[in-house]
Amino acid sequence: MQSIIAFALTTLKGGVRDRLLQGLILVGFLLIASTAMFSSFSMRQPVEVAINYGLSVIHILSIIMTLFFGLNLISRELDSKENHFILSQPIPRSSYIMGKYSGFLLNIFLIVAILGFFSTAGLLLMISGANNGISFPLVKFVSALCGIFFSCAILGAVIVLFTSVATSSIFPFLMSCAVYAVGENTQTVKRYLASGMVGKDFPPVFRVLSDIIYYIFPNFALFDFKAYAIYGLPLSGRLLLVSAAYGGAYAAVCLFFAVILFERRDI
Amino acid sequence: MKRVGLGILLLLVVALTTYYYPKIQETYEPPLRLHRLPPILALRIGSFGNKELLSALIFYNTEFYFGEKAGFRKETPELKLIYDALNKATDLDPRNMDCYYFAQGTLSWIKPAIPVLNRLLKKGFKHRPWDWYLPFFIGANYYFQLKDPIHAAKYMKEAARLNPRSPLYAMLAARMLYQGNQTEAGIIYLKSLIREAANPILRKKFEKRLHALEAIFFLEKGIKRYENKFGKRPVKIGDLVKAGIISEIPTDPYGGVFYIGKDGRVYSTSKLAEGWRKNGSHKDSKIKKGVPKRGT
């Protein structure tokens, strides 16, 4: 456990020092600062548009940072053989993987929390300036941020899984991008096919294939709580719990296989 | 020193071209078009989990297109394509109120567009059951364009229920249900729209129509007074001036000429309406022969 904490803290420190991370956070601040201008073009719902914009910016930046940061987590060390010394020590490789992943989670949490804090501050300023009696749905906004964090946590676990078998950093990057693109849209495609909008001549094999993909790939749409925060819709605690359980279980399965594959790997 | 001179020279060139290029650009640029969007499934997939943001961006693109086309270039916007964009934006985010408001502001004056416009607004009302604006718009469209007071009153009552602080909607519902004065109801409706309109182009449109309706209302009151005085209906609007009932005939802001219809009501040759074509292009109101219908 101590080695896991040590790896996690080292990863966290490395992440904070990373220039890419600092650059992206700066871009995030600029985008959030532009929230008021973006929403000013709205005719009837500037506050809703501002929340929409803030959450979407945080979502896009968090996913980009997850991809780049997750890739640097193990792949870069393997490429540069930096971790060969550590792995030759009597430390279980599972501790290495779990420690690195924990450090990654801390970094992503930090990014989402910082961007969320600035976005909330900007929105509160905007709402108090408008003075039209609209209240800021803070709990739903935080729930939407949790959803973004869970999406990143799953994507990070998928990157670790691919990194544990790959010999170069390109393969896990491309595969993780593909998993994210598919996972973000499996629900849309499944519901489209179920809606009866496709004709009878649609090949049944594709229908079966889309079902298989839906159950194998992570369903990132489950963690999309943005609409609840934007329009102040009632958000069920049960839905949040089920999403968290699904996300936690999916990430755990990925890490489980990542540890097994990494232990068998010849470094 | 040479470098400083070169730097200043380059800055001057940039400043000059920045000053001149808008004029040259405006002379040579092609007609502004609103491009048809990809199918909704492609848009959903392409949004990568940010459907609401993509919906807002599509709305902004449509709003900026309308602003540049109608406000800057003084050309007629392609209303069919505006509807297509707003429909897809609300498929992505069915709660995007900006789209419904903009659709009502731009399309509700065109009678052939009303069935699709009401379908769009009903989609909005399904997803925003707390919003009184949507039943208010649907009711107005049923009453003024589709001449269906039963459905109009049903939706206006919904608007009154959702916004109990304002007595206006209940009053409108009552007028619609009892087939009251259409022109007066139209004036009340437009005044409520102007009060809430933040967009200057839409506000101008509403005000233009309000002026037209106020002119019609003024003439209709004059006809009543003429009937009371002479016991018969005037043949032409000019008879009101000749009889000293009114001092002058008000002008139609749409460029038409007011006349008295067979039913004794006042109409304009401009129809107070704008065109809606299947191919997506738009036709300005033109003076035509025949009996024109009056829009609100």
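## Polar contacts and the salt bridge between the chains

Across the interface of chain A and chain B, 17 residue pairs are in polar contact, both residues at pLDDT 80 or more. A polar contact is a pair of N or O atoms within 3.5 Å; within protein, one must be able to donate a hydrogen and the other to accept it, and residues adjacent in sequence count only if both atoms are side-chain atoms. This is a predicted model: local features need pLDDT of at least 70, side-chain atom pairs count only at pLDDT 80 or more, and totals for chains, interfaces and linings use all residues. Residues are numbered from 1 along each chain as its sequence is written, chains are lettered from A and ligands numbered from 1 in the order in which they are written, and side-chain values use heavy atoms, with hydrogens and water left out.

The interface also holds one salt bridge. That term means a side-chain nitrogen of Lys or Arg within 4 Å of a carboxyl oxygen of Asp or Glu. Lys51(B) and Asp224(A) have side chains that meet in a salt bridge, at 4.0 Å from N to O.

## The interface as a whole

Four elements of chain A give two or more residues to the side that touches chain B: α3 (35-39), α4 (46-80), α8 (170-194) and α10 (226-231). Of these, α8(A) gives the most, with seven residues. Helices (H or I, at least four residues) and strands (E, at least two) are DSSP runs, numbered from the N terminus.

Chain A brings 26 residues to the contact and chain B brings 29 residues. Contact means heavy atoms within 4.5 Å. The two chains bury about 2,400 Å² between them, 62% of it on carbon and sulfur atoms. Buried area is the accessible area (1.4 Å probe) that two parts lose on being put together, summed over both. Met43(A), Arg44(A) and Tyr231(A) supply 32% of the area that chain A buries against chain B, more than any other three residues.

## Charges over rings

Arg44(A) also lies over the face of Tyr101(B), at 4.9 Å from the ring centre. A charge sits over a ring if NZ of Lys or CZ of Arg is within 6 Å of the ring centre and within 35 degrees of the ring normal. Within chain A, the charged end of Lys190(A) sits over the ring of Tyr214(A), 5.1 Å from its centre.

## Aromatic pairs

Over all chains there are 37 aromatic pairs. Rings of Phe, Tyr and Trp (its six-membered ring) pair if their centres lie within 6.5 Å; planes under 30 degrees apart count as stacked, over 60 as edge-to-face and the rest as tilted. Phe117(A) and Phe118(A) form an edge-to-face pair because their ring centres are 5.6 Å apart and their planes stand at 85 degrees. Phe117(A) is exposed, at 55% relative accessible area. Phe118(A) is partly exposed, at 40%. Buried means under 20% relative accessible area, exposed over 50%, partly exposed in between (1.4 Å probe, protein chains only).

Tyr226(B) and Phe230(B) make a tilted pair, 4.6 Å centre to centre with 50 degrees between the planes. They are four residues apart in helix α11 (residues 200-230) of chain B, so about one helical turn separates them. Tyr226(B) is buried, at 9% relative accessibility. Phe230(B) is partly exposed, at 42%. Ring pairs also link residues of both chains into a cluster: Phe38(A), Phe41(A), Tyr53(A), Phe59(B), Tyr60(B), Phe64(B), Phe66(B) and Phe102(B).

## Covered parts of chain B

Helix α5 (residues 97-107) of chain B is mostly covered, with eleven of its eleven residues buried. Among them are Tyr101(B) and Phe102(B). At the start of α5(B), a side-chain oxygen of Asn96(B) reaches to within 3.2 Å of the backbone nitrogen of Asp98(B).

Asn118(B) lies in helix α6 (residues 114-127) of chain B. It is buried, at 4% relative accessibility. Leaving aside neighbours within four places in sequence, Asn118(B) is in contact with Ile138(B), Asn141(B), Tyr142(B) and Leu146(B).

## Two lysines with positive phi

Most residues other than glycine have a negative phi. Lys74(B) has a positive phi, near 55 degrees. Its place is the loop between α3 (51-72) and α4 (79-92) of chain B. Lys74(B) is exposed, at 65% relative accessible area.

Lys147(B) also has a positive phi, near 55 degrees. Lys147(B) lies in the loop between α7 (133-144) and α8 (149-162) of chain B. Its relative accessibility is 38%, so Lys147(B) counts as partly exposed.
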